[in-house]
Each structure stands twice: as C-alpha cells, then as structure tokens.
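Please read this briefing beside the sequence and the structure, which are shown just below. The points that follow are grouped by topic for a reader who is new to this protein.

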Amino acid sequence: MMRWIGLLCCTALLTVGVERLNVPSAPLFAGLLMAAVLAIAGLAPRGRDATDDRPARPPLPRNLGLFAQGILGVYIGTMVRSDTLSSLGSSWLPVVVVGFGTLLLSVIAGALLGLHRRVDPLTGSLALVAGGASGLVALTRELGGEERLVAVVQYVRVALITATIPLVASLVFHTHSASSTTTHATGDQRWGLLLVVVCVGAGLPLGRLIHLPAAGLLGPLILSVAGEQLHLTSGAAVPTVLVTVAYALIGWQAGLGFTMQSLKAIGAVLPHALGLIVGISAGSAGLGVLLSLWTGESMFDGYLATTPGGIYAVLAAAAASGSNITFVVGAQIIRVLLMLFIAPFAARGYHRWISTHRRRSTEDRRVGV
C-alpha cells in the first residue's frame, strides 16, 4: 500500500510540473515515467509473481485498465463534433484520401520497425501509428503487443512533432505560433459522467460481441461518436479528473513492467524509431502539399492538417496564425479516427500474416532437411 501511495504522490507532483511546460497528455507521461523509474529502482508495486529480476505483469487489475481505456474512448468521441466535421464541406474526399495516405505511411514505417530483431511485427506496427497515441498505448496490451515500447515510441513521436511545429511555422512559413497547450473540458461534466457510465457499460460488451480489437477502447468510442453525431450528447464533457486518472492509469500500466533489460532493448530500438518518425513527418508534409493543391487551402493549413501528431500544438499554431482552424481541426479528427479504427485491424492482420509466413518457412526448411 505504501508503494501505491508513493507512486500516486510522485505521479501527481510530476503531472503538475510537466503541465506547466505545456506537455501534451501530461498525466500519461508522468505516470509512465514515474512508474518506470520506480519499477527499475525496485520501489514500485509488484505483482505476486514478480521477482527481483522480473517485475512480471503490472499489478493493475485488468478491469481497472479496461475502465481507463473506456474513459479515453468516450473522451476522444466527444471531440468529434458534428459541426466540426460538416465544416470540411467539399474537402471531405481530399481529407479522407490524404488521411489514408498518412495511415499507409505509418503502416510501412511500422513494418520496417518490426524488422528490428528486438521488435515483433505487431508492436512495430502500433508503435508508429500516427494518431491517437494514448489510445494506441491503451489497446496494445489487449492486442498482445509490447506496450512499454509502444508507449515510449509514441510519446517520442508526439514530443518531437510538438516541438518542431513552432519551428517549422516560423522558419518555413514565417508565422508565429503559440506553444503546445492543454485543453480542458468545456460543457456539463455531470452529464459527461453519465455519458461515461453508459458508453463504457454498454460499449465494452458491444465491442466484445462484434469482436472489435481493443473493445475496451473502441466500443465506448463508437457509442460516444454516435451520440455526438445524433446530437444526443451535445454539451456533455467528460470530467477532467476522470481523464487525468485514465491517462495516469494507462501510463502506470505501461511503466510498471519496465526492467533494466527492457530499458536496454528500447534504447537499442530508439535510433531506428527516430529515423522512421522523421520519415513519416516528411511524408506527411508532402501529403500536406497535395492537400493544399487539391482543396485550395494555404500550404500552412495543409501542413497543419496532415501533421502526424501533436494535435494541441497544431491547434495553437492554427489559432495564432489566423489559419482556417475549422478545416485543420476537421482534418485532424478524421486522421485520428482513421488511425484508431483501422490501424488495430491492419496491425493484427499484418502480425498474423507474418506469423503464418514464418511458420510455413520453418516447416518448409524442416521438410527440406
């Protein structure tokens, strides 16, 4: 119990500190970092099957992890406002096409990362999906991937892109943009609490019934998006404290499993991941040029609309520069939805294909011998 209290206090203090630096998803980052540090130091809570060399499975109850995923799914769904999507107007087709282009870049980069000897294909695919970082960390465990690696690579991606947006805006497009900001819930949080209860309570069984990957996240997300589009949940806001707790729990879930061996493995993979993140960013910028030419929006708007991450920094830059913020927000929401709904299926399918291919190759070599 004292270890849990220590982890909670350390996470809360670090969250306050990093929020002042405008770090996106501060509770997730704080939870991940503090849990990892304490786990490596041997001071974190451990499961009953843990040893000194292997913390084994993080001691968070599975239902608590699913609840955190559900909160996150509802929170993301409330962002998908019908008026924001309708603001795309005739630009729907270009935005969706370019969104699929970003997804394709992510899948290719993930496949290349999966070729690393310390990364399995499923983990590589999820680690470089350019959208919904916190959601992807939450669902990695459900799909059987290495959530620690996914969490670190995803956060490096978001941090790198967030840090470079103001530089690109100033040096390339000669605009001045604000730094990353943290959004707060606006709306009726009591109605939002009821929304969480209903969507999580019904979304998880529904997701399992229709065999959704990561049903704990995607089931509530589907119901939340449906409620927004049908104007049934307009004005509801997920309570800020619930979102903060969900982020921290997801960070703990990933961080508590760290060991010195896993830290060394991630350190060996990071240079490859960084190169691929830069490649995704460059490719997305090229897609931004295509989107600008296709829709008639400015090059800067095209760049912001296709930036593969750092959505809060994107909104700050759009607001500060007088860009077409409704277009940028709509395009970013479409990108995140595509990533969260399609990437898990693609990653799981690719993993199964690779596993089948390797198994057949092994059988063929045995027959040959």
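Val97 is partly exposed, with a relative accessible area of 37%, where buried means under 20% relative accessible area, exposed over 50% and partly exposed in between, computed with a 1.4 Å probe and protein chains only. Val97 has its place in helix α5, helices being DSSP runs of H or I with at least four residues and strands runs of E with at least two, numbered from the N terminus. The model is a predicted one, in which local features need pLDDT of at least 70 and side-chain atom pairs count only at pLDDT 80 or more, while totals for chains, interfaces and linings use all residues. Residues are numbered from 1 along each chain as its sequence is written, and side-chain values use heavy atoms, with hydrogens and water left out.

**The nonpolar patch**

- Together with Leu93, Leu290 and Trp294, Val97 makes a nonpolar surface patch of about 380 Å²; patches are made of residues with over 30% relative accessible area and no salt bridge, with like charges joined within 9 Å and nonpolar side chains (Val, Leu, Ile, Met, Phe, Trp, Tyr) within 5 Å.
- A salt bridge here is a side-chain nitrogen of Lys or Arg within 4 Å of a carboxyl oxygen of Asp or Glu.
- Two helices, α5 (92-113) and α12 (260-295), each supply at least two residues of this patch.

**The chain as a whole**

- The secondary structure of the protein chain consists of 15 helices and zero strands, and buried residues make up 51% of its 369 residues.
- The accessible surface comes to about 16,600 Å², of which 66% belongs to carbon and sulfur atoms; accessible areas come from the Shrake-Rupley method with a 1.4 Å probe, and for residues only the protein chains shown count as cover.
- Among contacts (heavy atoms within 4.5 Å) between residues at least 6 apart in sequence, 77% join residues at least 24 apart.

**The largest cavity**

- There are two cavities of 30 Å³ or more, a cavity being a set of points, on a 1 Å grid over the protein atoms alone, where a 1.4 Å probe fits but cannot get out, and lining residues having an atom within 4 Å of a point.
- The largest cavity holds about 70 Å³ of space; grid points are joined across faces, edges and corners, and a volume is the space filled by probe spheres set on the points.
- Its lining includes Val95, Gly99, Leu291, Thr306 and Arg335, and α5 gives the most to this lining, with four residues.
- Helices α5, α13 (299-306) and α15 (325-368) each supply at least two of the lining residues.

**Residues in loops**

- Pro308, in the loop between α13 and α14 (311-321), is buried at a relative accessible area of 4%; leaving aside neighbours within four places in sequence, its contacts include Ala130, Arg157, Ser284 and Arg335.
- The C-alpha atoms of Pro308 and Ser284 are separated by 6.7 Å, although these residues are 24 residues apart along the chain.
- Phe258, in the loop between α11 and α12, is buried with a relative accessible area of 3%, and its C-alpha atom is separated by 6.1 Å from that of Ala39, 219 residues apart along the chain.
- His231, in the loop between α10 (215-229) and α11 (240-255), is exposed, with a relative accessible area of 54%.
- His231 has a positive phi of about 60° although it is not a glycine; most residues other than glycine have a negative phi.

Note on methods:
On a 1 Å grid over the protein atoms alone, a cavity is a set of points where a 1.4 Å probe fits but cannot get out, and a pocket is an open set with protein on both sides within 12 Å along at least five of seven lines; lining residues have an atom within 4 Å of a point.
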